[in-house]
Amino acid sequence: MNSLETILPFSLLTQFSLVLLFMPFFSFLLLSFLPLKNRNGAFMSSFLLFVSFVIALFLFANSWNNPPDHSRWVWFEIGNGILFTSGIWLNNLTVLLLLLVTFVSFLVHLFSMEYMKGDKGYNRYFSYLGLFTFSMLGIVLSDNLLLMFVFWELVGFSSYLLIGFWFHKEAAAKASKKAFLVNRIGDLGFLIGLMILRSKYNTLDLETLTSVVETSDPSIYVAALCLFGGVVGKSAQFPLLVWLPDAMEGPTPVSALIHAATMVAAGVFLLARIVPFVPVEALHVMALIGAITAFMGGVAALRQFDIKKILAFSTISQLGYMVIGVGAGAYDAAIFHLITHAFFKACLFLSAGAIIHSLHQFSSKNDVNFDTQDIRLMGGLRKKMPFTFLVFLLSSMALMGMPLFSGFLSKEAILMASSTMNIGWQLVVPVLAFSSVLITAFYVTRMVVIIFFGEFRLPKVKVINTPNFASVSLIMKIPLGLLAIGSVFVLFSSNPFDGSHSWIIKGLSSHVAIHSAIVSYGSITLMLVGMGLAYAKFKPSGVYVQNLHKELDYQNKWQSLSFNNWHLNKIYDVVFIRQIINIANAVKTVEEKMIDRIINYFAIFNVILAKFIGLFDQYIVDGLVHLSAFVTSAIGWLSKNIQTGKVQTHIVWAGLGILMMILWFVV
Amino acid sequence: MFYFFGLLAVISALGVLFTRNVLYATFFLILSFFSVASIYVLGNASFIGVTQLLIYVGGILILMIFGLMLTTKLSGKVLVTESHNKRMGVILGVVFFSVLSFIIFSANFEVLNKSVEMPKKMIEVIGVDLMSKYLIPFEIAAILLLIALIGAAVISEKRKEIKE
Amino acid sequence: MITVQHFLVIGISLFSIGLSIVVIKKNAILVLLGVELMLNGANVNLIGFSINDPQIQGQIFALFVIVVAAAEAAVALAVVVRMYQYYATSNVDEPNELKG
């Protein structure tokens, strides 16, 4: 591949994309370096994001269902002829994601303006949001894996910054570190995958790779699994899912934007990009991992009492669904689920944020201290926050996969695809996927009922003087409303029971999606069963709910299993972290006993040497210096005597000088 | 005659050097200048000799005596001056004399000693030359004298702000 | 026959004696006398060089030397008088402000 073929011309759309890409970066720079007062910075960055969103709309209108627009240029060159290109590739997938990212990011900016009011790091927060949005758009736009990797790391970094936004809280600092390190493990896989592809095919350009890779090659199998390692890290799949629940230490709008709607979906996006050249065997592995993740996340969500933790585990479970979708050969369904999930999960998170915000104000007004995220202390919020209840209910329905809502359409498409994997061990995938439907319905119903129905349980624990709530402000209601509308089916498909006719699926793949009524009815039945079971257990008049405010974290080992996320943290602690610490201690011992001693001897030797050098310095070097000083002063003393200040002595010397000259010139 | 006046000039100069009485020294100097004027006359430069008598003996030395009177407290005592740097002074003089006479006696003056026809009326030649050939130096010398006159007057003027 | 050398010997004698006077004597007036003696020595040289010169350049030069010597004597005397007023002495070794 020579450089002439490599370069593709700049098109108008590319220029627009670059503007779109750099708007958030601009906002990041401005907010980082300008001393902006109060909310000016937030208004400005929201405005820049809005501009981005408008450009994304324009690009969408121009590119959707049109031939892809690809610009490419030489990025850098190593040695002789080893070219690395970079570029922008606009196809249906890209513009769809662009629209999603800019839209959700804009809404989160709006929401944060109110949510973060009064925080000390107000501008810092918005600058980080700008950096994150920039990096995320970079992932979406880039046309090759290396550039994507760069933005991938940037996304991880900005996520680290935002999780640790309240770095003075120890838990937040630890969580950000954990997220960063766990992601690093996955990214190592990504990097190895890049190296394999580059050495094998001499290019990292996605379009070229799609055309040159043969899926029968065993090395591509390894490379695909390595790339999938990156996905496992970023999208919190089975072995590496421990960081996402901890990441909830960040501000809630951040959880909505990064840890629900966009960044964790970047993994699925990467899979969708590389899926054309991934062999089927690797896809099956992915589907298995996804199914395990979906099941484990769902189970872990069953017994959480922290509203954000429930949503976090639910996010893990849904991401598992998306990976199943890709693995089962229906990446279009996965992307469809990504979009719908982004809407309803962002909406859920922001509603949770609204609840937390209100409870926080409530706590400071009444001067009582309690955990504002604990659902055991909530209840009956339906009457106190009717608007939030409405949007929360709508998006919960979508999450459960209730017919008439967007989640139903996309989840159906994935289940449909998974039901084709029914040979041998692959049967595990649909079984786990379908049981996750039941679990999802169960925990979502539990959450909604406990939070919004029944009576407000906080007064049972604490003394409350003024039991009236501040209403949610308009600037928070707008994003909630817009996202809730996105949970309704009509935006995506005209037929509320058949996701395969959705315009997104049609836009992403050419093959006709299968549709089977049995799958639909089966999943609806499972969901209803889950809902019924949950309501039976958690109904407001029930014994359980009456004593909920006294409920412990867990009572038996099954509850403990769910509450502690399958004890994964503990397992990793024992299996990996302890071992690493032991190795580190051993290394430390070696260091102390051997290397330090050598260094000590070396130091002693140096001291002795220095003593000798000091003597040399004192007697020889200083002696020379003193000698020259003495000579100078002696000359000075001599010549001082000449200067007696008497005129006649001067005449004597002048006369002698003339004599000298006479002798010099004449004799 | 030449040798006599030459010896007289040198001896009276030595008298200036060795006497301690200031007035005697001045008179020895007058004698020395007289002798030098005679040497000028013998060296075919009668105009310069006359000028020497007029300016040095008649002007400068009288001026010197006035200066002496102005700068010493006249109390009837003999004016005596002390000496210092004797060794250095004598050595310097002797060394100068010996070096210069060594140069003189080792140099070849035959061209200068060739006898030539000299103009009869020396004063006329000097006058004509001064007014034609050396007019500008002559004028500058006049201006120099004027400046010296004024300068001397200004320097020796009593100023009140200088206090002892 | 009187030659140039005769004049020159008398000139350098006067010059050397004048120099010695300048160095040895303490009284400023006597130092001035020494300077005059040195100038006379130089003049004797000039006259000696012009004994066989029909253009008598040496004599003219001697004339100018005398003029300048007169001017110098006037100024120097003024300086001595001034010095006497300032330091109350006419000895040249007492003002030693140039001492290093």
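1. A word on conventions before we start. This is a predicted model, in which local features need pLDDT of at least 70 and side-chain atom pairs count only at pLDDT 80 or more, while totals for chains, interfaces and linings use all residues. Residues are numbered from 1 along each chain as its sequence is written, and chains are lettered from A and ligands numbered from 1 in the order in which they are written.

2. Chain B has six helices and zero strands, where helices (H or I, at least four residues) and strands (E, at least two) are DSSP runs numbered from the N terminus. Of its 164 residues, 25% count as buried. Here a residue is buried if 20 or more other C-beta atoms lie within 10 Å of its own, exposed if 12 or fewer, and partly exposed in between, with C-beta atoms placed from the backbone. Two residues are in contact if their C-beta atoms, placed from the backbone, lie within 7 Å. Among contacts in chain B between residues at least 6 apart in sequence, 54% join residues at least 24 apart.

3. Chain C is built from three helices and zero strands, in the order α-α-α from the N terminus on. Buried residues make up 61% of its 100 residues. For contacts in chain C between residues at least 6 apart in sequence, 51% join residues at least 24 apart.

4. Do look at M83(C), which is found in helix α3 (residues 57-87) of chain C. M83(C) is partly exposed, with 19 other C-beta atoms within 10 Å. Leaving aside residues up to four places away in sequence, M83(C) touches A28(C) and S90(C). M83(C) and A28(C) are 55 residues apart in sequence and 9.6 Å apart in space, C-alpha to C-alpha.

5. Next, the side of chain B that touches chain C. The contact takes 74 residues from chain B and 62 residues from chain C. On the chain B side, the elements giving two or more residues are α1 (2-18), α2 (22-42), α3 (46-71), α4 (86-106), α5 (122-131) and α6 (135-156) of chain B. The largest share, 12 residues, comes from α3(B). By class, this side of chain B has 48 nonpolar, 20 polar and six charged residues; Ala, Val, Leu, Ile, Met, Phe, Trp, Tyr, Cys and Pro count as nonpolar, Asp, Glu, Lys and Arg as charged, and the others, Gly among them, as polar.

6. Chain A has 27 helices and two strands. Of its 667 residues, 49% count as buried. Residues 24 or more positions apart account for 81% of the contacts in chain A with a separation of 6 or more.

7. The strands of chain A are worth a visit. Nine bridges join β1 (residues 69-78) to β2 (residues 82-90) of chain A, and the two run antiparallel; strands pair if DSSP finds at least two bridges between them. V74(A) stands opposite T85(A) in β2(A), and the bridge partner of R72(A) in β2(A) is G87(A). β1(A) and β2(A) form a hairpin with three residues between them, and G79(A) in the turn has a positive phi of about 60°.

8. Helix α23 (residues 517-538) of chain A has 22 residues and reaches 31 Å from its first C-alpha to its last, close to the 32 Å expected at 1.5 Å a residue (the expected span being 1.5 Å times one less than the number of residues). Its buried residues are S523(A), L526(A), M527(A), G530(A), M531(A), A534(A) and F538(A). Seen down the axis of α23(A), these fall within an arc of 135°, so they line one face of the helix; the arc is that of the directions from the helix axis to the C-beta atoms. The face of α23(A) turned away from the buried side carries the exposed residues A517(A), I518(A), Y521(A), T525(A) and A536(A). The buried residues of α23(A) pack against α17 (386-400), α18 (406-418), α19 (428-452) and α24 (543-546) of chain A.
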